[in-house]
Amino acid sequence: MSDRDSLKNTFLVAFVLCLVCSLIVSGAAIGLRPIKERNERISFQREVLSVAGLYEKGKNTADDIPELFKQIKTAMIDLETGEITDAVSDPDSFKLKDVSKKPELTIKIPADQDIAGIKRREKYTKIYLLTKEDGQIDQLILTVRGKGLWSTMWGLLSLDGDLKTVRGLTFYEHGETPGLGGEIVNPKWKAKWSNPECPKILFDEQGEIKIAFYKGVVSCDMPDSQHKFDGLAGATITTRGVQDMFKFWLGEQGYGPLLQKIKEGQFPVTELSNK
Ligand SMILES: Cc1cc2nc3c(=O)[nH]c(=O)nc-3n(C[C@H](O)[C@H](O)[C@H](O)COP(=O)(O)O)c2cc1C
């Protein structure tokens with residue numbers, strides 16, 4: 001046996017090969033991180049624009065997103081008070097998914113109030129607004145999430161300036177079954193949330209949250225159709241998750257305090273800047 005094929009040399013070659021490969025992989029991961037983060041940011045901005053009806057697949061491209069997003073105003077708010085906060089040092093790099101995993105940035109939700117099944121809720125979050133020419137709110141876009149059957153469904157809800165009519169609903173991440181619960185991302189189902197002919201209204205006349213799924217197709221002439229939405233066939237658990245998500249996020253543990261502040265004219269909408 002020649003020296004080249006010795007056990008020592010075999011291990012040495014294997015070691016050097018592993019070292020070189022791991023350096024290449026970690027170098028690529030570090031080098032590509034800014035590109036990955038930029039793509040994630042652009043992708044989330046596309047979701048915000050889509051739920052606001054400002055981005056149309058086929059008509060717009062990824063290159064349009066930074067320019068289109070300039071129409072959106074953002075604010076970091078303290079969910080408990082509904083007030084703007086400066087507790088977040090770098091709002092531009094705020095990532096809800098990361099924040100929601102950090103105990104110091106979240107609070108535990110009492111089990112009897114955890115309607116959405118998310119266990120912890122962020123203390124501070126980012127909201128997105130579109131304003132009219134007179135400075136009043138045209139759309140208020142809120143991040144929402146809740147448990148479905150298999151997964152947490154991460155979505156965006158756009159409310160009209162009246163703070164009760166849905167202008168759009170979208171889910172940007174979920175792990176429900178394609179064809180069943182996964183139909184929450186079906187454009188036909190989503191479109192029913194933003195049909196001005198047959199609007200969905202999340203509160204009743206007394207200001208109480210009122211939205212429930214209906215097993216079947218809701219027709220606009222049905223009594224209370226504005227407070228009902230189509231249940232997904234064979235996916236009652238996912239559908240109930242969507243319903244409960246609204247109840248949580250519009251309530252006291254969610255955006256209730258913010259909605260109250262806006263209604264009372266105590267939220268400085270006109271002072272917010274475009275991002
Ligand atoms: C493979 C498989 C995947 C399923 N995926 C979902 C799902 O994503 N969402 C859901 O609510 N139900 C799902 N279900 C069905 C639930 O187990 C349950 O039967 C259903 O939610 C009841 O809804 P229905 O009353 O509309 O039939 C799945 C069932 C099977 C066997």
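So, the ligand: the residues around it are Leu 149, Glu 176, Thr 177, Leu 180, Gly 181, Ala 233, Gly 234, Ala 235, Thr 236, Ile 237 and Thr 238. Here a residue is near a molecule if its C-beta atom, placed from the backbone, lies within 6 Å of it. By type, that shell divides into five nonpolar, five polar and one charged. For the record, Ala, Val, Leu, Ile, Met, Phe, Trp, Tyr, Cys and Pro count as nonpolar, Asp, Glu, Lys and Arg as charged, and the others, Gly among them, as polar.

Quick caveats. This is a predicted model, where local features need pLDDT of at least 70, side-chain atom pairs count only at pLDDT 80 or more, and totals for chains, interfaces and linings use all residues. Residues are numbered from 1 along each chain as its sequence is written.

Okay, helix α5, residues 236–249. Helices are DSSP runs of H or I, at least four residues, and strands are runs of E, at least two, numbered from the N terminus. How far should the 14 residues of α5 span? At 1.5 Å a residue you'd expect 20 Å, and the end C-alpha atoms are 20 Å apart, so that agrees; the expected span is 1.5 Å times one less than the number of residues.

In α5, Thr 238, Thr 239, Gly 241, Val 242, Met 245, Phe 246, Phe 248 and Trp 249 are buried. Buried means 20 or more other C-beta atoms within 10 Å of the residue's own, exposed means 12 or fewer, partly exposed is in between, and C-beta atoms are placed from the backbone. Those buried residues pack against β6, β7 and β9 (212–214), with contact meaning C-beta atoms, placed from the backbone, within 7 Å. The helix lies across β6 and β7, at about 120° to β6; axes are lines fitted to C-alpha atoms, for helices over the stretch in contact, and angles run from 0 to 180 degrees between N-to-C directions.

Now the sheet. Six strands make an open, antiparallel one, ordered β2-β1-β5-β6-β7-β8, and two strands pair if DSSP finds at least two bridges between them. At the edges sit β2 (83–84) and β8 (166–173), each pairing on one side only. Helix α1 (residues 7–51) packs on this sheet too, touching β5 (124–131), β6, β7 and β8, and its direction makes about 155° with that of β8. Inside the sheet, β6 (residues 137–147) and β7 (residues 152–160) share nine bridges, and Leu 140 stands opposite Leu 159 in β7.

Last one: Lys 190, in helix α4 (residues 187–191).

Notes
Contact = placed C-beta atoms within 7 Å.
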